[in-house]
Amino acid sequence: MPELPEVEALRDFLAEQLVGHEVVRVLPVAISVLKTYDPPVSAFEGREVTSVHRYGKFLDIEADGLHFVTHLARAGWLQWRDRLPDGPPRPGKGPLALRVALETGEGFDLTEAGTQKRLAVYVVRDPREVPGVARLGPDPLAADFDEARFTELLAGERRQIKGVLRDQSVIAGVGNAYSDEILHAAKMSPFKLASSLGPEEITHLYEALRTTLTEAVERSRGLAAGRLKAEKKTGLRVHGRTGEPCPVCGDTIREVSFSDSSLQYCPTCQTGGKPLADRRLSRLLK
């Protein structure tokens, strides 16, 4: 799933490619991708793109006061095309969900792999009309997101810190991969209760959060959309690297599996050398 760094890089890329150009056609291929109907998606046609924004993991393309907001979900992606194919796309079993064409002949496709169709597109007059945007917590890279604000967000949170970091209503933009990376950088167990963190631990976690995301954004900045997935994968130190040596200490990276996802961590760096129990137990093996 694209997270804050990749979506921020997509925002930069699209701002360069779209601003000042007219949207001449929006062609839905999978009707399920459209989550709003008033105004219709056709209302975006004939408008000039004025800006591109990011809200957490949401992309917002603004054109003359109307907003085209998309969430790429787990298996969605944006593919830029310097020259779109002639003729309208044909509905079928392929990954193409929606196409946006500019007056230049350029444009982009929204695609989604797999059978779980969660890619979402909203055409709204205000991005806060999108439920997922309206409930977002603060952006962790915002100038006013200081350690005091972070401490307030964690106060009273009796959930495990991994879940808190992933909760979009608490902090916007962090998902499964970067929460693993942040916790590894902070040398903290993903199962540690957020409410149990002391001031020094909160400081380390805050610094790891800001540093990990900032560095990931910088690695992605300036890359074309088609290269962002590969860049994300190569930049990850523990997530998706089960069985590989930890780049910090050399211990073997381990995994805890869930019904629809998994987390990765280093026992030496994060859990005092003890492997984490099965997620159903939610505690350290003794």
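Strand E5 and strand E7 (residues 107-112) pair in the antiparallel sense, and six bridges join them. The model described here is predicted. This pair belongs to an open sheet of eight strands, in which the pairing is antiparallel.

- Strands E5 and E8 are the edge strands, as each of them pairs on one side only.
- On average, and with direction ignored, neighbouring strands of this sheet are turned by 25° against each other.
- In general, the strands of a sheet pair through backbone hydrogen bonds, and the pairing may be parallel or antiparallel.

- Gln17 is one of the residues in helix H1.
- Gln17 counts as buried because its relative accessible area is 18%, and buried means under 20%.
- When neighbours within four places in sequence are left aside, Gln17 is in contact with Trp80, Leu102 and Glu106.

**The largest pocket**

- The volume of the largest pocket is about 1200 Å³.
- Its lining consists of 44 residues, and those nearest the centre of the pocket are Met1, Lys57, Arg166, Gly175 and Asn176.
- By type, the lining of the largest pocket comprises 17 nonpolar, eleven polar and 16 charged residues.
- At least two lining residues of the largest pocket come from each of strand E5 (76-81), strand E8 (120-124), helix H2 (131-134), helix H4 (161-166), helix H5 (176-185) and helix H7 (228-235).

**The second largest pocket**

- The second largest pocket has a volume of about 220 Å³.
- This second largest pocket is lined by 13 residues, of which Glu181, Ala185, Thr212, Glu215 and Arg237 are the closest to its centre.
- Two or more residues of this lining come from each of H5 and helix H6 (199-220).
- Helix H6 gives the largest share of the lining of the second largest pocket, namely six residues.
- The lining of the second largest pocket divides into five nonpolar, four polar and four charged residues.

Note on methods: Residues numbered from 1 in each chain as written. Predicted model: local features only at pLDDT ≥ 70, side-chain atom pairs only at ≥ 80, totals over all residues. Heavy atoms only, no water. 1 Å grid on protein atoms, 1.4 Å probe; cavity = no way out; pocket = protein on both sides within 12 Å on 5 of 7 lines; lining within 4 Å. Points joined across faces, edges and corners; volume = space filled by probe spheres on them. Helix = DSSP H or I, 4+ residues; strand = E, 2+ residues; numbered from the N terminus. Nonpolar A, V, L, I, M, F, W, Y, C, P; charged D, E, K, R; others polar. Pairing = 2+ DSSP bridges. Axes fitted to C-alpha atoms, helices over the stretch in contact; angles between N-to-C directions. Buried < 20%, exposed > 50% of the residue type's maximum accessible area, 1.4 Å probe, protein only. Contact = heavy atoms within 4.5 Å.
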